[in-house]
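Come along while I look things up, one entry at a time.

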Amino acid sequence: MGAMRNSKSRGCLVATLLLAIPFEVTTKNMIGPPTHRSWIMSRIRSTDTAPEMVIRKLVHSMSYRYRLHAKDLPGKPDLVFRGRRKVIFVNGCFWHSHDDERCRLSKLPKSRIDYWQPKLARTKERDRKNEELLMARGWDILVLWECQIKRGSGLAKLLSEFLGS
Ligand SMILES: [Zn+2]
């Protein structure tokens with residue numbers, strides 16, 4: 001996963017899907033039982049999402065160089081700037097329970113609250129632990145939210161302030 005990918009992979013659904021699916025799934029379980037398919041769908045939701053592509057493109061256009069989804073770091077940050085020791089997470093508002101009154105994307109579904117509430121609470125707790133681990137290792141963290149990226153304003157300024165010159 002070392003090489004930088006850019007907008008060339010956008011617009012090609014198949015390429016995006018294949019990039020999002022771990023090797024063993026693409027080779028062995030592509031046509032599998034529903035459990036595999038839903039697992040694949042959950043992978044697709046969490047990587048190479050549209051908001052993440054927006055940020056990758058923007059950061060790239062600002063001439064910063066980064067790596068993707070560093071597996072050796074807690075929480076596999078979406079963008080990693082090793083030289084600067086900084087990471088960016090691009091969080092989906094629903095999955096990561098965005099706690100902001102302006103956010104319209106983080107509302108709990110009306111049905112199956114007893115299913116979603118503990119699931120989302122676990123994700124939030126995991127996020128918090130990963131952030132603690134990263135900070136303890138000296139990494140700076142920027143969390144960008146899906147709704148913030150959709151609004152769009154001020155993103156470049158925020159990124160350059162975080163990443164520095
Ligand atoms: Zn949000």
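Here are my notes, running from the whole chain down to single residues.

**Entry 1: the whole chain**

I began by noting that this is a predicted model. I then looked up the secondary structure and found seven helices and four strands in the protein chain. Reading along the sequence, I wrote down the pattern α-α-α-α-β-β-β-α-β-α-α. Next I checked burial, and 16% of the 165 residues count as buried. I also looked at contacts with a separation of 6 or more, and residues 24 or more positions apart account for 59% of them.

**Entry 2: the sheet**

In what order do the four strands lie in the sheet? I found an open sheet ordered S1-S2-S3-S4, with mixed pairing. Strand S1 (67-68) and S4 are at the edges and each has a single partner strand, so one side of each has no neighbour in the sheet. As a reminder to myself, strands of a sheet pair through backbone hydrogen bonds, either parallel or antiparallel.

I took the pairs in turn. S2 and S3 are antiparallel, with three bridges between them. Within that pair, leucine 79 has isoleucine 88 of S3 as its bridge partner. The two strands make a hairpin with four residues between them, and arginine 85 in the turn has a positive phi of about 55 degrees.

S3 and S4 run parallel and are joined by six bridges. Two of the facing residues went into my notes: lysine 86 is opposite aspartate 140 in S4, and valine 87 is opposite isoleucine 141 in S4.

**Entry 3: from S3 to S4**

Which helix does the chain pass through between S3 and S4? I followed the path through helix H5 (residues 113-136), and this β-α-β crossover is right-handed. H5 has 24 residues and spans 34 Å from its first C-alpha to its last, close to the 34 Å expected at 1.5 Å a residue.

After H5 comes glycine 138, with a positive phi near 90 degrees.

I turned to S3 and found it mostly covered, with six of its six residues buried. From S3, Lys86, Ile88 and Val90 point one way, while Val87, Phe89 and Asn91 point the other way, and all are buried.

Then I looked for the largest nonpolar core, which has 15 residues. Those with the most contacts inside this core are Ile55, Leu79, Val87, Ile88, Val90 and Leu144. At least two core residues come from each of helix H4 (50-61), strand S2 (79-81), strand S3 (86-91) and strand S4 (140-145). The largest share, four residues, is from S3. I jotted down a general point here: in soluble globular proteins, nonpolar side chains tend to be buried together.

How does H4 lie relative to the strands? I see H4 lying across S2, S3 and S4, at about 145 degrees to S3. Leaving aside neighbours within four places in sequence, isoleucine 55 is in contact with Leu79, Ile88, Val90, Leu144 and Ile149.

**Entry 4: residues in the loops**

Histidine 69 has a positive phi, near 45 degrees, and is found in the loop between S1 and S2. I counted histidine 69 as partly exposed because 16 other C-beta atoms lie within 10 Å.

Arginine 112 is not a glycine either, yet has a positive phi of about 55 degrees. Arginine 112 belongs to the loop between S3 and H5. Why is arginine 112 exposed? Arginine 112 is exposed because it has 10 other C-beta atoms within 10 Å, and the cut-off for exposed is 12 or fewer.

Proline 74 is in the loop between S1 and S2. With 19 other C-beta atoms within 10 Å, proline 74 is partly exposed, since buried takes 20 or more. Which residues does proline 74 touch, beyond those up to four places away in sequence? I found Asn130, Leu133 and Leu134. The C-alpha atoms of proline 74 and leucine 133 are separated by 6.7 Å, although the two are 59 residues apart along the chain.

Technical notes:
Residues are numbered from 1 along each chain as its sequence is written. This is a predicted model: local features need pLDDT of at least 70, side-chain atom pairs count only at pLDDT 80 or more; totals for chains, interfaces and linings use all residues. A nonpolar core is a set of buried Ala, Val, Leu, Ile, Met, Phe, Trp, Tyr and Cys residues joined through C-beta atoms within 7 Å. Two residues are in contact if their C-beta atoms, placed from the backbone, lie within 7 Å. Two strands pair if DSSP finds at least two bridges between them. A crossover is right-handed if, with the strands pointing away from the viewer, the path from the first strand over the helix to the second runs clockwise. Axes are lines fitted to C-alpha atoms, for helices over the stretch in contact, and angles run from 0 to 180 degrees between N-to-C directions. The expected span of a helix is 1.5 Å times one less than its number of residues.
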